Amino acid sequence: MTDLDQRLAELERSGLYRRLRLVDGPQGAHVLLDGERVLLLCSNNYLGLAEDRRVREAAAAAALRWGAGAGASRLVSGTMTVHRRLEERLAAFERTEACVLFGSGYLANQGVLGALAGPGDIIYSDRLNHASIVDGARLSAARTFVYDHGDCEHLSWALRRGHTESTGAVIVTDSIFSMDGDAAPLAELADLAERHHARLVVDEAHATGTRGPGGRGAVAGAGLEGVVDVVIGTLGKALGSYGAYVCARRSTVRYLINRARPLIFSTAPPPPAAAAALTALEILESEPALPRRLLRNAAVLRSALSREGWPKLPSDTHILPLIVGDCADAVRLCESALSEGIFAQAIRPPTVPQGTSRLRLTVMATHETSELQAAARTISGLARDLGVLAASANGGSARAERRAPHASDRAAVTA
Ligand SMILES: *Cc1c(COP(=O)(O)O)cnc(C)c1O
């Protein structure tokens, strides 16, 4: 055995081994998974736009008009009219002065944090922020202070003692947390950022297209457009395509174009992906019923789960984590749900903290309410058979664990 085989065997022993599952056909409410038709309950294609006919046709037309790839990075010859049109449209959508596209949300977080903070600066990061924020903070080489999840008291204490006028400070948060579906206290964060002269960066990956007026995001929902310094969104989730955007003041965007390494040293997004996102955005703006249908479906699934005895969820969003605790139990529940034709991927450390493995259910606007209700019954029955629903229903332990120090997936913590 090589050392890698040994490490793989260790992952298998500890219930953390991962493998790829194969989906055939578009990301609809139902997919063919490893050859079987299943109800899809773990896609971020929240509005069904990835398989929308108009979006697919826009991508196809763009491939014919502009080609399959951009051929170069943005600063060389890769900036094409379709990129510029999408950026203008996104800036208007987010009510900001300017916008710049990135290759993905992951890259956008590397680019923004790496450009806005450096050695001598401090990044204040929520304990449950997405891994791309954690990695972006590492790339920046700034000090990172990890505040307790959603805890503005803790953040405020750290801000008071953490930085002086001469250090740059960045507060960064998911707006809707990717694995728990709960919301960041954006108004308080904006207030703290202003009082302490820190920049506020908000990652709207799960809020774009799903939250706020017309699906304009949680920042718009909180009335903070123009207050938050940098808004990051992905094109890969509700907008059904691939890529990401950063909306900010014109000077901030010009700075990112000069300093964000993932933008400078990586090929521009492919024209079909940009065109698909542009059409998805037009559909979102002209069909406000779409995000409403998503919210309705989320409410249907949430109340069906609560009738089955799951503890009250921390979220009022379309992300509904069923916290099981042990990673092997989460995998068993996932596999038994699959054998009943329901696909909800088990999420384990390091994606979530130790002891909080879960099925992360996500609803889509394209689900039927009856199939969501049936899925809640099926999953809950299986969870009871496995003995994880009762264990989870008495609450305490999983929630206590969630406040424990972050696992391996975390940059150095300095107070
Ligand atoms: C998914 C996600 C990202 C990464 O976006 P991609 O476009 O998929 O790379 C960034 N931040 C958060 C909070 C996410 O959930």
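**Note on the predicted model**

1. T173 touches D126, N129, I133, Y147, A184, L186, L189, V201, V202 and D203, leaving aside residues up to four places away in sequence. The model is a predicted one, and the contacts of T173 are computed from it.

2. Where does T173 sit? Its place is in strand β7, which covers residues 169–174. T173 has a relative accessible area of 0% and is therefore buried, since buried means under 20%.

3. Strand β7 is joined to β8 by 5 bridges, and these two strands run parallel. One of the bridge pairs is V172 with V201 in β8. V201 is also among the residues that T173 touches.

4. Is strand β8 mostly covered or mostly open? The strand spans residues 199–203 and is mostly covered, with 4 of its 5 residues buried. Besides pairing with β7, β8 is joined by 3 bridges to strand β9 (residues 230–234), again in parallel. V202 has V231 in β9 as its bridge partner.

5. Another sheet is open and has 4 strands, in the order β1-β2-β3-β12, with mixed pairing. Its edges are β1 (23–24) and β12 (342–343); each has a single partner strand, so one side of each lacks a neighbour in the sheet.

6. Within that order, β2 (residues 30–33) and β3 (residues 36–40) run antiparallel and are joined by 4 bridges. Which residue in β3 is the bridge partner of H30? The partner is L39.

7. On the surface, L8, L11 and Y17 form a nonpolar patch, and their accessible area together is about 240 Å². L11 belongs to helix α1, which runs over residues 3–13.

8. Why is L11 counted as partly exposed? Its relative accessibility is 34%, and the partly exposed class lies between the 20% limit for buried and the 50% limit for exposed.

Key:
Residues numbered from 1 in each chain as written. Predicted model: local features only at pLDDT ≥ 70, side-chain atom pairs only at ≥ 80, totals over all residues. Heavy atoms only, no water. Patch = residues over 30% accessible without salt bridge, like charges linked within 9 Å, V, L, I, M, F, W, Y side chains within 5 Å. Areas by Shrake-Rupley, 256 points an atom, 1.4 Å probe, with all protein chains shown as cover. Salt bridge = Lys/Arg side-chain N within 4 Å of Asp/Glu carboxyl O. Buried < 20%, exposed > 50% of the residue type's maximum accessible area, 1.4 Å probe, protein only. Pairing = 2+ DSSP bridges. Contact = heavy atoms within 4.5 Å.
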